[in-house]
Amino acid sequence: MAGLNVSIAFFFLVLGTCEALRRLSKRLLAPGLLGCLAAELAGSLQLCSSCLELRMLLEIGPWGGLGPDVVLTLLFLLFAIHTACANGAAANPTISLQEFLLFECGSVATVAKLLVQCVGAGMGWALTKLYWSWELTQLHLIQNLMASECSSSIHTSPHIGALVEAACSFFFHLILLRLRRSPAVCRVPVLAATVTFLTYVAMPATGAFFNPALATASTFLCAGSSLRDYIQVYWLGPLTGMLAALLLYQGNIPRFFQKNLLYGQKSKYKIPKTRVTHAEDGDPSAGSSSGVEHFVHPSLQCQSWGGN
């Protein structure tokens, strides 16, 4: 349990440092692109550092008496805290690209976000490596011994791995799109539970990153897979899943297609049907020679009330 206590202290230290960075950037930087980039940097650093420590606990923790249930519980709590404190930051390239495709962010800002997210993930990797080098617990000692010969997280063929990452990204983005306008009290736990479940299911195959920046910092330097395989699984896979989720949810990809490709556009108002009445001889109710009585929508009637 001593190793777990040290890891929890590390989580709090990272969270406090990143939260201080977010608050400081709010005071020093004007709201806009620079403030957004500072939030992305802090969010990516926090997410990468926490996930690397969690991976260490998941891989080496059983030797110290820590089961997967403990690690998954920590994952749920940490992702919930990360989502609640993110201050609008995505810390995930596929989310930033999704915002770009929805016309919520410009091209220059999107490219800047992607670069900052990769820099933040790299900083998180360097910070965690430094923390491990202190060897505060036996788990960190074992991690240092294994770090020089780390193996790839892809434990299946690249095609299956890309499909797994695409499926994880698809379900994550589909739920994210559904809850993006929901209050935080509903959105945060649902997203955290989704990430925890997807990680539990896909961890044996690919490590369940479905975040290209996080995967790049975590496993691209490990031997066992080529750079092409890494790009196919951890970049093209999540990107494909995001595009599929956006297409299914929106019916189109707004940046590329204006027309809805999947769902028919329904009119806001229903067109009223006309009722045909037959005029009878001597019937004073027959208002016109055509015998057709028209029903006009109330919104159209309002336009004629002020005519005279």
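Helix H4, residues 93-101, is mostly covered, with eight of its nine residues buried. The model is a predicted one. The buried residues of H4 are Pro93, Thr94, Ile95, Ser96, Gln98, Glu99, Phe100 and Leu101. Their cover includes helix H2 (33-60), helix H5 (107-133), H7, helix H9 (212-219) and helix H10 (227-250). Just after H4, Phe103 has a positive phi of about 60 degrees.

The axes of H7 (residues 158-179) and H8 (residues 184-206) come within 10 Å of each other and cross at roughly 175 degrees. Angles over 145 degrees count as roughly antiparallel, so H7 is roughly antiparallel to H8. On the H7 side, the contact is made by Gly161, Val164, Glu165, Cys168, Phe171, Phe172, Ile175, Leu176 and Leu179. H8 contributes Cys186, Arg187, Val190, Leu191, Thr194, Val195, Leu198, Ala202, Ala205 and Thr206. Sorted by class, this contact has 14 nonpolar, three polar and two charged residues.

An unreviewed UniProt entry annotates residues 70-89, 101-127, 159-177, 189-210 and 230-249 as "transmembrane region".

| Span | Helix | Strand | Distance between end C-alpha atoms |
|---|---|---|---|
| Residues 101-127 | 81% helix | 0% strand | 33 Å |
| Residues 159-177 | 100% helix | 0% strand | 26 Å |

Conventions
Residues numbered from 1 in each chain as written. Predicted model: local features only at pLDDT ≥ 70, side-chain atom pairs only at ≥ 80, totals over all residues. Heavy atoms only, no water. Axes fitted to C-alpha atoms, helices over the stretch in contact; angles between N-to-C directions. Helix = DSSP H or I, 4+ residues; strand = E, 2+ residues; numbered from the N terminus. Parallel < 35°, antiparallel > 145°, perpendicular 65-115°, else oblique. Contact = heavy atoms within 4.5 Å. Nonpolar A, V, L, I, M, F, W, Y, C, P; charged D, E, K, R; others polar. UniProt positions renumbered as here; feature names shortened; annotations may be inferred. Buried < 20%, exposed > 50% of the residue type's maximum accessible area, 1.4 Å probe, protein only.
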